[in-house]
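Hi,

Here is the structure I promised to send over. Have a look at it first, and my notes follow below.

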Amino acid sequence: MFIDSLSGKTIELAKKGLDSATLRHNVISNNVANVNTPGFKRQSVVFEDALKKNKISAKRLNPKHIPFSYEKNENSSRIITENDTIYRNDGNNVDIDKEMEDLAKNAIYYNAIATRLARKFSLLKLVAQGGR
Amino acid sequence: MLTGRLFRGIDASASGMSAEKLRMDIISENIANANTTRTPEGGPYKRRFPIFTPRSQEPLFNLPFIKPPITIEPGNGVRVLRIEEDKTPPKLKYEPGHPDADENGYVAYPNINLATEMINLITASRAYEANVTAARNAKQIMMKALEI
Amino acid sequence: MEVDLFSLLPEPSVQPKIETKKDKNGLFDLVLSGLKETNRLENNADKLTQDLVSGKLENIHDLMIASEKAEIALNFTMAIRNQALRAYQEIMGMGR
């Protein structure tokens with residue numbers, strides 16, 4: 001059924017990509033805002049592809065067993081705090097140039113997905129209207 | 001609702017801009033008073049500097065199965081905790097003819113090193129601009145999303 | 001307040017008395033399931049709109065995607081529904 005393609009892999013994955021990119025932007029913004037905060041440790045975002053996750057997930061043999069927390073994680077992105085990188089004197093490990101670079105890359109990533117989604121929706125709309 | 005969860009990133013950047021701007025103002029004051037030997041409170045001007053601390057929106061709760069360093073919510077920028085006075089002792093210069101000289105002829109000058117202040121000013125300025133770039137970026141990607 | 005799209009459909013003038021087997025993929029069943037999904041998508045888009053206005057929404061793209069999905073689903077369902085109605089009217093006209 002055509003409507004099922006609206007919940008298909010491409011659109012869902014694209015949405016997760018956008019979620020991850022938004023989170024990454026917010027985390028980078030926070031890093032930049034705290035570039036001069038003593039003791040602050042930079043954070044980054046890791047995007048785990050939900051499809052990849054399913055291939056290596058652990059299986060419970062008995063539903064009464066405690067579920068693996070890995071399975072329960074609905075968000076496909078995680079925030080990681082980098083506690084072990086090189087410090088400045090005040091304990092802060094934010095490198096402003098790296099943050100700017102990540103910011104630019106993330107923006108391109110977001111724009112690419114958003115553009116692709118917009119085009120896909122235009123296409124689907126055309127098909128859905130049946131040419132009328 | 002301009003402070004909704006939608007605008008987290010921009011809020012963080014805005015807080016960074018405010019904080020760095022405040023820092024720059026304080027540095028300017030330090031530089032302007034680098035030779036102020038007499039203040040209403042008595043004694044030379046004392047160097048001041050802001051204390052920054054991360055600003056967080058909601059308290060993190062403890063999840064039993066998740067170990068740090070994985071956190072759930074990103075922070076929400078930075079804020080100025082307070083403005084501190086530098087407790088370093090003032091610089092003493094031997095100027096017996098100076099009205100503020102003490103009985104040994106030494107004048108107490110503010111504990112301000114102009115080179116340090118300039119470097120801090122540049123650092124704050126760079127940080128301010130980086131925050132502006134981040135905010136501009138946030139706006140651009142949100143506008144792009146509206147085209148979906 | 002949720003909008004029930006079913007209420008927006010015009011009633012066919014004659015209820016079909018044709019006995020069909022429980023055929024899940026019959027045309028009318030397809031229209032019905034399409035309508036249900038369309039309804040769900042539209043209500044979801046409404047909910048996200050409310051979240052946006054109240055400040056609860058986290059990602060603007062969630063709303064845009066939901067809104068597009070709802071619109072596409074509605075377009076498609078209406079197209080199918082028009083076809084189904086036309087087919088039905090043709091069939092009903094065959095006996096005369």
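How many residues of chain A are in contact with chain B, and how many of chain B with chain A? Keep in mind that this is a predicted model. In it, 33 residues of chain A meet 35 residues of chain B. On the chain A side of that contact, helix 1 (9-33), strand 2 (77-81) and helix 4 (96-128) each put in at least two residues. Helix 4 of chain A gives the most, with eleven residues. Sorted by type, the chain A residues that touch chain B come out as 19 nonpolar, twelve polar and two charged.

Next, chain C against chain A. Here 14 residues from chain C and 16 residues from chain A make up the contact. On the chain C side, helix 1 (27-54) and helix 2 (60-94) each supply at least two residues. The largest share, ten residues, comes from helix 2 of chain C. By type, the side of chain C that touches chain A has six nonpolar, four polar and four charged residues.

Last, a helix pair inside chain B. The axes of helix 1 (residues 8-32) and helix 2 (residues 114-145) of chain B come within 8 Å and cross at roughly 160°. Angles over 145 degrees count as roughly antiparallel, so helix 1 of chain B is roughly antiparallel to helix 2 of chain B. The crossing of these two chain B helices is left-handed. Where helix 1 of chain B contacts helix 2 of chain B, the residues split into 15 nonpolar, seven polar and four charged.

Cheers

Terms used
Residues are numbered from 1 along each chain as its sequence is written. Chains are lettered from A and ligands numbered from 1 in the order in which they are written. This is a predicted model: local features need pLDDT of at least 70, side-chain atom pairs count only at pLDDT 80 or more; totals for chains, interfaces and linings use all residues. Two residues are in contact if their C-beta atoms, placed from the backbone, lie within 7 Å. Helices (H or I, at least four residues) and strands (E, at least two) are DSSP runs, numbered from the N terminus. Ala, Val, Leu, Ile, Met, Phe, Trp, Tyr, Cys and Pro count as nonpolar, Asp, Glu, Lys and Arg as charged, and the others, Gly among them, as polar. Axes are lines fitted to C-alpha atoms, for helices over the stretch in contact, and angles run from 0 to 180 degrees between N-to-C directions. Angles under 35 degrees count as roughly parallel, over 145 as roughly antiparallel, 65 to 115 as roughly perpendicular and the rest as oblique. A crossing is left-handed if the near helix is turned anticlockwise from the far one by less than a right angle, and right-handed if clockwise.
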